[in-house]
Amino acid sequence: MILDWFKGKKSAIVAKDRLTIAIMADRTSTSYPFMDKMKGEIVDVVRKYVDIRAINITKEEQDNLEALSIDIEFNKN
Amino acid sequence: MGIVIAVISGKGGVGKTTATGNLGLGIAMNGKKCIVVDFDVGQRNLDMILGLENRVVYDMVHVMDEEVALSQAVIKSKSNENFFFLAASQTKDKSVLKSSKVKKLILNLKEQYEYVLLDSPAGIESGFEHTIEFADAAIIVVNPEVSSIRDADRAIGILDSKSHKVKEGGEVAKYLIINRIIANMVQKGEMLSSKDILDILNIKLLGKIPEDKRVIDASNQGRPIILDNTSEAGNAYKRISNRMCGKSVEMKDIEIDSDGFLRKLAGIFK
Ligand SMILES: Nc1ncnc2c1ncn2[C@@H]1O[C@H](COP(=O)(O)OP(=O)(O)OP(=O)(O)O)[C@@H](O)[C@H]1O
Ligand SMILES: [Mg+2]
């Protein structure tokens, strides 16, 4: 019995650690609720000037700062 | 005006339908007028748990499309005069649910019943968003297992972003049920404890339900387990429904394995 204690971490503790990290990552990477709509509007504006191939918006978080990074790819003329 | 409570989860198969049926009946046993509505369109299941599958003639889509009146589609339970049921449509086309129609149906139900419980499809299904849209509160069901908990967190995220109450500046109340707890595994550190799960999800605990083989037997027979006074899970549903009716019921620590403890004691004296 006592030996079990030293053999390694209990799997419930491992599960808790893994979940805490996975959920933290899920929560930060999830977008804002308005993201899809905003994406559509940005596409409409940019399309007036260039021929968009792809657009990717991600939410980034650092300490108590949040940022949006917007990557737009378009074809060379 | 009654209260509308959606029973949801992230991952499927965690026990939403079983919980909805039993809690609905438990609330009715408290003398409150209660209806349970199957919102799992295309996967009608609640009728089987309740043993009412042979009495379904009309379903919620008939009501939403105004083909029949609500009173024509609602099925009254034989075992409890306060308990009512509305079936899901078996159509494969999930787009039958439209926000405006769902809203109307829910307002209608709220006017006539004190408690309206909605059995939701799992969080990844398209019908999920319609089940939570107009709910006043949500019960999130999880199993003490990593994927169920991770997916629950995502479902809570969707709930917060789609709820009309939240959009109107309010808050949708959220409560957790941990289902299928195996005490001796928690004791051995092989299963997440309710404390671990609450630390991770950070919402209020409504109750804990043990793993109980009789749940399957009860659904085989279409007789909700809450009617079985000797069943552990049945008694857990009873405690939870009493809580939902405003009674203060102590949180029973089902994570202590009393059987195992007694057995060990007996072993010492052998
Ligand atoms: N406490 C319990 N002990 C043992 N078995 C259980 C318990 N709760 C639920 N089950 C079993 O788990 C299975 C899934 O339950 P249920 O259908 O209620 O889940 P669900 O979340 O509604 O699934 P779905 O996402 O497919 O709608 C059923 O076979 C049921 O009998
Ligand atoms: Mg179900």
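Mentor: B:D65 and B:K101 meet through their side chains in a salt bridge, with 2.7 Å from N to O (a salt bridge being a side-chain nitrogen of Lys or Arg within 4 Å of a carboxyl oxygen of Asp or Glu). The pair links distant parts of the chain, 36 residues apart: B:D65 sits in the loop between α3 (60–64) and α4 (70–73) of chain B, and B:K101 in helix α5 (residues 99–112) of chain B. Helices here are DSSP runs of H or I with at least four residues, strands are E runs of at least two, and both are numbered from the N terminus. B:D65 is partly exposed at 33% relative accessibility, and B:K101 is partly exposed too, at 32%. For these words, buried means under 20% relative accessible area, exposed over 50% and partly exposed in between (1.4 Å probe, protein chains only).

Please keep in mind that this is a predicted model, where local features need pLDDT of at least 70 and side-chain atom pairs count only at pLDDT 80 or more, totals for chains, interfaces and linings use all residues, and side-chain values use heavy atoms, without hydrogens and water. Residues are numbered from 1 along each chain as its sequence is written, while chains are lettered from A and ligands numbered from 1 in the order in which they are written.

Now go to B:K174 and B:D160, another salt bridge, where the closest N and O atoms are 2.7 Å apart. This pair also links distant parts of the chain, with B:K174 in strand β7 and B:D160 in helix α7 of chain B, 14 residues apart. B:K174 is buried at 17% relative accessible area, whereas B:D160 is partly exposed at 30%.

Elsewhere, salt bridges that share partners join A:K16, B:K195, B:D196 and B:D199 into one network. Within that group, B:D196 pairs with A:K16, their closest N and O atoms being 3.5 Å apart. Across the interface of chain B and chain A, the rule finds two salt bridges. On the side of chain B that touches chain A, α7 (146–162) and α10 (194–201) each supply at least two residues. The most comes from α7(B), with six residues. In total, 16 residues of chain B are in contact with twelve residues of chain A, contact meaning heavy atoms within 4.5 Å.

Chain A has a pair worth a look as well: A:E73 and A:R53 form a salt bridge, with the closest N and O atoms 3.3 Å apart. A:E73 lies in strand β2 (residues 65–74) and A:R53 in strand β1 (residues 52–62) of chain A, so the pair ties together parts that are 20 residues apart in sequence. A:E73 is partly exposed at 42% relative accessibility, while A:R53 is exposed at 56%.

B:K238, in helix α12 (residues 232–244) of chain B, is buried yet has no salt bridge, and the nearest side chain of opposite charge, B:D228, is 7.6 Å away (Lys and Arg count as positive, Asp and Glu as negative, and His and the chain ends are not counted). Leaving aside neighbours within four places in sequence, B:K238 is in contact with B:M29, B:I226 and B:N229. B:I226 also touches B:L25, a residue of helix α1 (residues 16–29) of chain B that is buried, with a relative accessible area of 2%. Over all chains, a search of the whole structure finds 14 salt bridges.
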